[in-house]
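Here's a quick walk through the model you have open. Keep the 3D view handy and click along as you read.

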Amino acid sequence: MATSTQTVPKKIGKLSTSVGLKIQMAVTGLFFVIFVLFHMYGNLKMFNGPEAYNGYAQFLRDVGYPIVPHEGVLWILRVLLLVSVILHAHAAIVLWRRGKIARGPNAYKVKRGKKTVQTYSSRTMRWGGIILLLFIVWHILQFTTLSISVGADDYSAMTPYDRMIAGFQPDVWWGYAIYLVAIAALAMHIRHGAWSALQTLGWSNRYREPVLNGIAILIAAVIFIGFMAPPTAILFGLIS
């Protein structure tokens, strides 16, 4: 029997298509935004004093116990966040590579018009994502594993409230600077990401566009102000 030389097209799963990857980015990005908002809410308890902040930190470790092990829910959330970040980053890299191939050698030679804005936004998202990934590693080492102690000799012997106070003192201004750059990158990433996600999920049209754009800007502004308020207050001695 003669064998056919025709190449059988390889079936690609729906999640591997560009549309599927964009939906994947939208869903994981939405989970990340919800996580970030809850994290921001917890940080704002610094203004209520050490008892409120330390109580909140302890609650995160005790929630669900004894149905789940101590810190079980917290670790579940951490794993979900890690998986979301990995899927989000993978989708972003694949889409960027496909876009680069599709554009060809003249990828970034657009000088004016709408494409300039899109090119600038894509660059901002890419570098902002890299900054966020680096900051997440730094943040985990500083406040989760306590491998890095900023403004103190040993974080392990301190309460969560005292660690926050130590980490943003004027004599360790660079710790505040790292946080400022990262939160600015986060706000810009979420602003553009929220807008793109709403479009990907089909919630945007020419009538809703101004409203949804305003919502994306509002979310980014709330996150930036909410996250920067406690360390700024600590830096200027308003929280001690």
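## The overall layout

First things first: this is a predicted model. The protein has seven helices and zero strands, and from the N terminus on the elements simply run α-α-α-α-α-α-α. Of the 240 residues, 32% are buried. If you look at contacts between residues at least 6 apart in sequence, 65% of them join residues at least 24 apart.

Start with α1, which covers residues 18–43. This helix has 26 residues and spans 37 Å from its first C-alpha to its last, close to the 38 Å expected at 1.5 Å a residue. At its start, a side-chain oxygen of T17 comes to within 3.0 Å of the backbone nitrogen of G20.

T28 also sits in α1. Does T28 count as buried or exposed? Its relative accessible area is 8%, and the cut-off for buried is under 20%, so T28 is buried. A polar atom of the T28 side chain lies 3.2 Å from the backbone oxygen of M25. Not counting residues up to four places away in sequence, T28 touches S84, L87 and H88.

In soluble globular proteins, nonpolar side chains tend to be buried together. Here the largest nonpolar core holds 32 residues, and M46, L186 and F227 are the members that touch the most others. Helices α1, α3 (72–103), α4 (114–143), α5, α6 and α7 (209–235) each supply at least two residues of this core. Apart from it lies another core, of five residues, including L21, A91, V94 and L95.

Leaving aside neighbours within four places in sequence, M46 is in contact with Y53, Y161, M164, I165, P230, I234 and I239. Two of those contacts, Y53 and Y161, come back in the next part.

## Aromatic pairs

How many aromatic pairs does the model have? The count comes to five. One of them is Y53 with Y161, an edge-to-face pair at 6.5 Å centre to centre with 65° between the planes. The pair links distant parts of the chain, with Y53 in helix α2 (residues 50–62) and Y161 in helix α5 (residues 160–167), 108 residues apart. Both Y53 and Y161 are buried.

Another pair is F168 with Y179: the ring centres are 5.1 Å apart and the planes meet at 75°, so this pair is edge-to-face as well. F168 lies in the loop between α5 and α6 (173–200), while Y179 is in helix α6, so the pair ties together parts that are eleven residues apart in sequence. F168 and Y179 are both buried. Ring pairs also bring in F135, which forms a cluster with F168 and Y179.

One more ring deserves a look: R78 lies over the face of W75, 4.6 Å from the ring centre.

## Helix α5 and R163

Helix α5 is mostly covered, with six of its eight residues buried. The buried ones are Y161, R163, M164, I165, A166 and G167.

R163 is found in that helix. Why does R163 count as buried? Its relative accessibility is 11%, and anything under 20% falls in the buried class, so R163 is in. A polar atom of the R163 side chain lies 2.9 Å from the backbone oxygen of M158. Setting aside neighbours within four places in sequence, R163 is in contact with F143, L146, Y155, S156 and M158. R163 and Q142 are 21 residues apart in sequence, with their C-alpha atoms 9.0 Å apart in space.

## Out on the surface: I225

Finish in helix α7, where you'll find I225. At a relative accessible area of 57%, I225 is above the 50% cut-off, so this residue is exposed. I225 and I183 are 42 residues apart in sequence, and 9.2 Å apart in space from C-alpha to C-alpha.

Key:
Residues numbered from 1 in each chain as written. Predicted model: local features only at pLDDT ≥ 70, side-chain atom pairs only at ≥ 80, totals over all residues. Heavy atoms only, no water. Phe/Tyr/Trp six-rings, centres within 6.5 Å; stacked < 30°, edge-to-face > 60°. Helix = DSSP H or I, 4+ residues; strand = E, 2+ residues; numbered from the N terminus. Buried < 20%, exposed > 50% of the residue type's maximum accessible area, 1.4 Å probe, protein only. Lys NZ or Arg CZ within 6 Å of the ring centre and 35° of its normal. Core = buried A, V, L, I, M, F, W, Y, C linked by side-chain atoms within 4.5 Å. Contact = heavy atoms within 4.5 Å. Polar contact = N/O pair within 3.5 Å; in protein donor to acceptor, adjacent residues only side chain to side chain. Expected span 1.5 Å × (residues − 1).
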